[in-house]
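Visitor: I would like a brisk tour of this model. Please take my questions one at a time.

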Amino acid sequence: MPKPSTSNSVLRNIPSVDELLRSKTARRIVGEAGATHAAELARRALDAVRRDVSESRDIGSSRQGLLEKAAERMAEAWQLDRDTRLQGVINCTGVVIHTNLGRAPLSHEAQLAIREVSGYCTLEYDLRTGRRGKRAPSIEDLITELTGAEAAIVVNNCAAAAFFVLTVFAAGGEVAVSRGELVEIGGDFRVPDILAESGAILREVGTTNRTKLDDYAEALNDEVRVILRVHPSNYRIIGFTASPSLAELAELAHKNGILLYEDIGSGALIDLSGYGVVGEPVVSDSIAAGADLVTFSGDKLLGGPQAGIIAGRRELIDRLRRHPLYRALRVDKLILSALEATLSAYRIGVERTIPVIGMLALRKEDIHERAANLLSQITQGETGTLEIEIVSGSSAVGGGAAPSVDLDTYLLALSHPTLSAEGVERALRSSTPPVISRIENERVLLDLRTVAPAEEPVLIEALRSIT
Ligand SMILES: *Cc1c(COP(=O)(O)O)cnc(C)c1O
């Protein structure tokens, strides 16, 4: 233990907040963080230095040395603050719809559309009459055209859509749901909970693995207002199973004068089985089978911004539009513009315009070619000591869609003679922009399926800087 007097004399050398704020580092931080927040960071940095001194950690004792130490601490604290801000990343995980990484990356057109309406726009203004207009009527046209539904409305996300439908059409009554569909989709979306929140009472039907049409028929007492079918998304019941077709359920519902509502969550606007994505319902099929209302997400397989779309019969959609809750659940101009641009792409051709579809459509040979090309560019430069090879593997659809589907891919497998896999992963995650990878069997794996070609140069830089 050092003598307290030593520590006391060092403590006297610790700079004041004002002194620290006059340093070059601190002046830069003031410019980025503002004077008030920078002063707070300076105070925190000085507290840390004071702690180090009194715990007699060897941090030097000269006035200049302590000032530099404090500036360093302040820069670290500011960096930590900045790390928590919302920022773009390069997704090398191979999970196409990665909920933690913001789900569907927006198309170029959708990004431009957001920019265009960022200022004033025709959100509720009809250019033809010069008067107040409907909110983005073209979106409803696009959805009805693409799904075959009579009408549609857009809310904040699919959870909001389900809550809205159940509140308006089932509150105070009962909702019949198969026991096999009482699932948790992830991120706290649980079918029984949403039902309870909406004020509807759950009427469980059938068993976990088998629910027949007769089970539904028996469950329909006078209180049941809605038959709810839920697409189990990231969960599958396989083996000895049974459930009636949507058309059979529609017939039963309508014979009893109640609604058939299907929550398909991800769903898809077009059949994606050609890309190996099987088992995902197509919205137009559900509408054609007789569902009165269908809800699905905007940012899953559809490939747009976060939104929940409700499509179905006009009189039902009109009731939703007039309901006071709509005001609380509706989306803003930025989302509407991005959604409109995304939906418009479905008229023209989606593979080249919508990133999610383009990524699903990539063949493993295409990915191998890009991986080999990228690898050659790295070995041409200064590779440091990072070793990279190309191995085969699989990508995932993600977003609770097609959980049993693996898409064949090729991966860049990284290993390092001195750094652990965790060390390499962390270094990539700390680069600018951050590169997000995964670790398997002690190796860091990068999947180019989810990397836009335009991002490759930055990825190469990040890899080159690991030495
Ligand atoms: C994903 C999903 C939801 C929730 O959708 P969000 O858009 O994330 O709110 C609801 N229902 C099903 C069936 C889903 O797959």
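This is a predicted model: local features need pLDDT of at least 70, side-chain atom pairs count only at pLDDT 80 or more; totals for chains, interfaces and linings use all residues.

Guide: Residues are numbered from 1 along each chain as its sequence is written, and side-chain values use heavy atoms, with hydrogens and water left out.

Visitor: How many helices and strands are in the chain?
Guide: Helices (H or I, at least four residues) and strands (E, at least two) are DSSP runs, numbered from the N terminus. The C-alpha atoms fill a box of roughly 90 × 55 × 50 Å along the principal axes. The chain holds 19 helices and 18 strands.

Visitor: What percentage of the 467 residues in the chain is buried?
Guide: Buried means under 20% relative accessible area, exposed over 50%, and partly exposed in between (1.4 Å probe, protein chains only). Contact means heavy atoms within 4.5 Å. Among contacts with a separation of 6 or more, residues 24 or more positions apart account for 74%. The buried share of the 467 residues is 46%.

Visitor: Are H3 and H4 oblique or parallel to each other?
Guide: Axes are lines fitted to C-alpha atoms, for helices over the stretch in contact, and angles run from 0 to 180 degrees between N-to-C directions. Helix H3 (residues 24-33) and helix H4 (residues 35-54) pack at about 135°, with axes 7 Å apart. Under 35 degrees counts as roughly parallel, over 145 as roughly antiparallel, 65 to 115 as roughly perpendicular, and the rest as oblique. H3 is therefore, relative to H4, oblique.

Visitor: How many nonpolar residues are in the contact of H3 with H4?
Guide: H3 contributes Ile29, Val30 and Ala33, and H4 contributes Ala35, His37, Ala38 and Leu41. Ala, Val, Leu, Ile, Met, Phe, Trp, Tyr, Cys and Pro count as nonpolar, Asp, Glu, Lys and Arg as charged, and the others, Gly among them, as polar. By class there is one polar residue and no charged one, and the nonpolar residues number six.

Visitor: How do H8 and H13 lie, perpendicular or parallel to each other?
Guide: The axes of H8 and helix H13 (residues 314-322) come within 11 Å and cross at roughly 100°. H8 and H13 are therefore roughly perpendicular.

Visitor: Which residue of the contact between H8 and H13 is charged?
Guide: H8 brings Phe164, Val165, Val168 and Phe169, while H13 brings Leu316, Arg319 and Leu320. The contact divides into six nonpolar, no polar and one charged.

Visitor: Which backbone oxygen does the side chain of threonine 167 reach?
Guide: Threonine 167 lies in helix H8 (residues 158-170). Not counting residues up to four places away in sequence, threonine 167 touches Ser198 and Leu325. At 2.6 Å, its side chain reaches the backbone oxygen of phenylalanine 163.

Visitor: Which side chain is joined to arginine 443 by a polar contact?
Guide: Arginine 443 is in strand S18 (residues 443-447) and is partly exposed, with a relative accessible area of 24%. Beyond four places in sequence, the residues touched by arginine 443 include Val391, Leu414 and Arg438. A polar contact is a pair of N or O atoms within 3.5 Å; within protein, one must be able to donate a hydrogen and the other to accept it, and residues adjacent in sequence count only if both atoms are side-chain atoms. At 2.6 Å, the partner is glutamate 389.

Visitor: Is serine 266 buried or exposed?
Guide: Serine 266 sits in the loop between strand S11 (259-265) and helix H12 (283-288). Its side chain reaches the backbone nitrogen of leucine 301 at 3.2 Å. At 1% relative accessibility, serine 266 counts as buried.

Visitor: What is the phi of asparagine 441?
Guide: Asparagine 441 is in the loop between strand S17 (438-440) and S18. At 73% relative accessibility, asparagine 441 counts as exposed. Although asparagine 441 is not a glycine, its phi is positive, about 45°.

Visitor: What is omega for the cis peptide bond of threonine 432 and proline 433?
Guide: Proline 433 lies in the loop between helix H18 (421-429) and strand S16 (435-436). A cis peptide bond joins threonine 432 to proline 433, with omega about -10°.
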